[in-house]
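Please keep the sequence and the model in view.

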Amino acid sequence: MTRSDGRMPADHTVRRRSLGLAAGAVLISALGATTDNLWLLGIGSWLLITAVLLELVYRP
């Protein structure tokens with residue numbers, strides 16, 4: 001452990017990936033909603049599902 005909060009560097013990496021997936025989901029879903037593309041909305045929803053599952057499964 002490198003910090004006093006008890007988190008390892010791998011924990012920060014997983015957290016960063018999860019936030020990246022969630023941000024990508026928001027952007028792609030917004031793009032899909034504005035351009036009226038259903039497949040972009042689907043990709044955005046799957047990215048959000050992946051981000052949530054990553055946070056739920058990987059708990060330090």
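What covers the buried residues of α1 includes α2. Contact here means heavy atoms within 4.5 Å. Buried means under 20% relative accessible area, exposed over 50%, and partly exposed in between, with a 1.4 Å probe and protein chains only. The buried residues of α1 are Asp 11, Val 14, Ser 18, Gly 24, Ala 25 and Gly 32.

The model is predicted: local features need pLDDT of at least 70, side-chain atom pairs count only at pLDDT 80 or more, and totals for chains, interfaces and linings use all residues. Residues are numbered from 1 along each chain as its sequence is written, and side-chain values use heavy atoms, with hydrogens and water left out.

**Overall form**

The protein chain has 2 helices and 0 strands. Its radius of gyration is 14 Å, well over the 10 Å that the globule rule gives for 60 residues, so the chain is more spread out than a compact globule. That radius is taken over C-alpha atoms, and the globule rule is 2.2 Å times the number of residues to the power 0.38. Along its principal axes the C-alpha trace spans about 45 × 15 × 10 Å. Helices (H or I, at least four residues) and strands (E, at least two) are DSSP runs, numbered from the N terminus.

Helix α1 has 27 residues. From first C-alpha to last it reaches 39 Å, close to the 39 Å expected at 1.5 Å a residue. The expected span is 1.5 Å times one less than the number of residues.

Of the 60 residues in the chain, 17% count as buried. Take the contacts between residues at least 6 apart in sequence: 47% of them join residues at least 24 apart.

**Between the helices**

Asp 36 follows α1 and lies in the loop between α1 and α2. Its phi is near 60°, a positive value in a residue other than glycine. Most residues other than glycine have a negative phi. Asp 36 counts as exposed.

What ties the two helices together by charge? One salt bridge is counted, and Arg 15 forms it with Glu 55, the closest N and O atoms being 3.4 Å apart. Arg 15 lies in helix α1 (residues 9-35) and Glu 55 in helix α2 (residues 38-57), so the pair ties together parts that are 40 residues apart in sequence. A salt bridge is a side-chain nitrogen of Lys or Arg within 4 Å of a carboxyl oxygen of Asp or Glu.

Ile 43 lies in helix α2.

**Accessibility of named residues**

| Residue | Relative accessible area | Class |
|---|---|---|
| Arg 15 | 43% | partly exposed |
| Asp 36 | 69% | exposed |
| Ile 43 | 38% | partly exposed |
| Trp 46 | 57% | exposed |
| Glu 55 | 17% | buried |

**Surface**

The chain exposes about 4600 Å², and carbon and sulfur atoms supply 68% of it. Accessible areas come from the Shrake-Rupley method with a 1.4 Å probe; for residues, only the protein chains shown count as cover.

Trp 46 lies in helix α2. With Leu 48, Ile 49, Val 52, Leu 53, Leu 56 and Val 57, Trp 46 forms a nonpolar patch on the surface, about 730 Å² of accessible area together. Patches are made of residues with over 30% relative accessible area and no salt bridge: like charges are joined within 9 Å, nonpolar side chains (Val, Leu, Ile, Met, Phe, Trp, Tyr) within 5 Å.
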